[in-house]
Amino acid sequence: MLVTFWSGAEIRTGVTTNTALISHFYAQRYKKKVALFENHVPGKYSLEDILIGKKSLPFLFEEPIFYNRNNNINYYYGLMKAGLPVKGLSNAALRLAEGRLHYFPQFSSNHTLFDYEMNKVIDRFIDELNSRYEVVFVDLKRINTMTTKHIIERSDIVFVNVPQDEISINIILDDNLIERDKLCFILSRYKQTPKIDFEEIVSDYDIDNERISYIPYYESLIRICKNGNLSSFLIKNFWSTRGEKSFELVSQLRKLTNFIKSRIEEGVEKEKAV
């Protein structure tokens, strides 16, 4: 199952944060191994930065698992380009959520070169990950690069992140850039106001309720991400109950991960029926 996160909005919509939230929560909730990577040169804050923060040590630890920065993904990309067998791919991953979320950091600082080189291996890389993990989560670049377009074409689910103040759902639906049966929407940093109500928003669009969700505005989430504490936050608040500050956020994460799991189960049933 290939699940991607993208936004065409000119303003920030929290794509990287939402990718981190949902992938980590899925691994926690269903106790399945999943893969995670960003298909772009990381910006100010990478997935690693917001999940656990960068460490100055040559090894990164989340007891009892560690990975060596020198054993990075570029070595495996070289094997893929050469058409050679790929063994031990998970050694290039940083492991989170009790070892179930395998994050593959990207080591590049040149945006153009990254996309050019990634285009040579992206199909093989996705195939290798799909054969090893229940779900592959990808944080996509806003600009429609070669690999962004290709990954969207291969995706089973595409979560399009839209800002609360500039909702562009109808434009995306009308453009038919993404196949309707794989298209879902996340309203980012949603905060109910007298003029903006989520239930009213849902009723305004020709889309199933399960295909539109929101990540609520959470006052301390920006600070949590900047400090590299998102993984710790999710572990601590996984069982959040009604009345707790994190309950609304966790409830939406449950809805989103439940949708992904249901699509996987639907796929399994279709395969059995063939």
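Residues are classed as buried when the relative accessible area is under 20%, as exposed when it is over 50%, and as partly exposed in between, with a 1.4 Å probe and protein chains only. The structure is a predicted model, in which local features need pLDDT of at least 70 and side-chain atom pairs count only at pLDDT 80 or more, whereas totals for chains, interfaces and linings use all residues. Residues are numbered from 1 along each chain as its sequence is written, and side-chain values use heavy atoms, with hydrogens and water left out.

Helices (H or I, at least four residues) and strands (E, at least two) are DSSP runs, numbered from the N terminus.

Strands are taken as paired if DSSP finds at least two bridges between them. E1 pairs in the parallel sense with strand E7 (residues 135-140) over 4 bridges, and Val 3 is placed opposite Phe 137 of E7. A parallel pairing of 4 bridges also joins E1 to strand E8 (residues 157-163), where Thr 4 stands opposite Val 158. E2 is joined to E7 by 6 bridges, again in parallel, with Ala 35 opposite Val 136. The pairing of E2 with strand E6 (residues 101-103) is parallel and has 3 bridges; here Val 34 stands opposite Leu 101.

In helix H5 (residues 146-154), the buried residues are Thr 147, Thr 148, Ile 151 and Ile 152. These residues cover an arc of only 135° around the axis, which puts them on the same side of H5; the arc is that of the directions from the helix axis to the C-beta atoms. In helix H9 (residues 230-237), Leu 230, Ser 231, Phe 233, Leu 234 and Asn 237 are buried. Seen down the axis of H9, the buried residues fall within an arc of 160°, so they line one face of the helix.

Rings of Phe, Tyr and Trp (its six-membered ring) are paired if their centres lie within 6.5 Å; planes under 30 degrees apart count as stacked, over 60 as edge-to-face and the rest as tilted. The count by this rule is 12 aromatic pairs. One of them joins Tyr 75 and Tyr 76, an edge-to-face pair at 5.0 Å centre to centre with 80° between the planes. Tyr 75 is exposed, with a relative accessible area of 51%, whereas Tyr 76 is buried at 3%. One aromatic cluster is formed by Phe 5, Tyr 26, Tyr 30, Phe 137 and Phe 159. A charge is taken to sit over a ring if NZ of Lys or CZ of Arg is within 6 Å of the ring centre and within 35 degrees of the ring normal. Lys 261 lies over the face of Tyr 30, at 5.2 Å from the ring centre, and Lys 245 over that of Tyr 218, at 5.6 Å.

With a disulfide defined as a pair of cysteine sulfur atoms within 2.5 Å, the count is 0 disulfides. Cys 184 is buried at a relative accessible area of 1%, and Cys 225 is buried at 6%.

Most residues other than glycine have a negative phi, and most peptide bonds are trans. Lys 31, which is not a glycine, has a positive phi of about 55°. Lys 31 is located in the loop between helix H1 (15-30) and E2 and is exposed, with a relative accessible area of 52%. Ala 97 also has a positive phi, of about 50°. The loop between strand E5 (94-96) and E6 holds Ala 97, which is buried at 3% relative accessibility.
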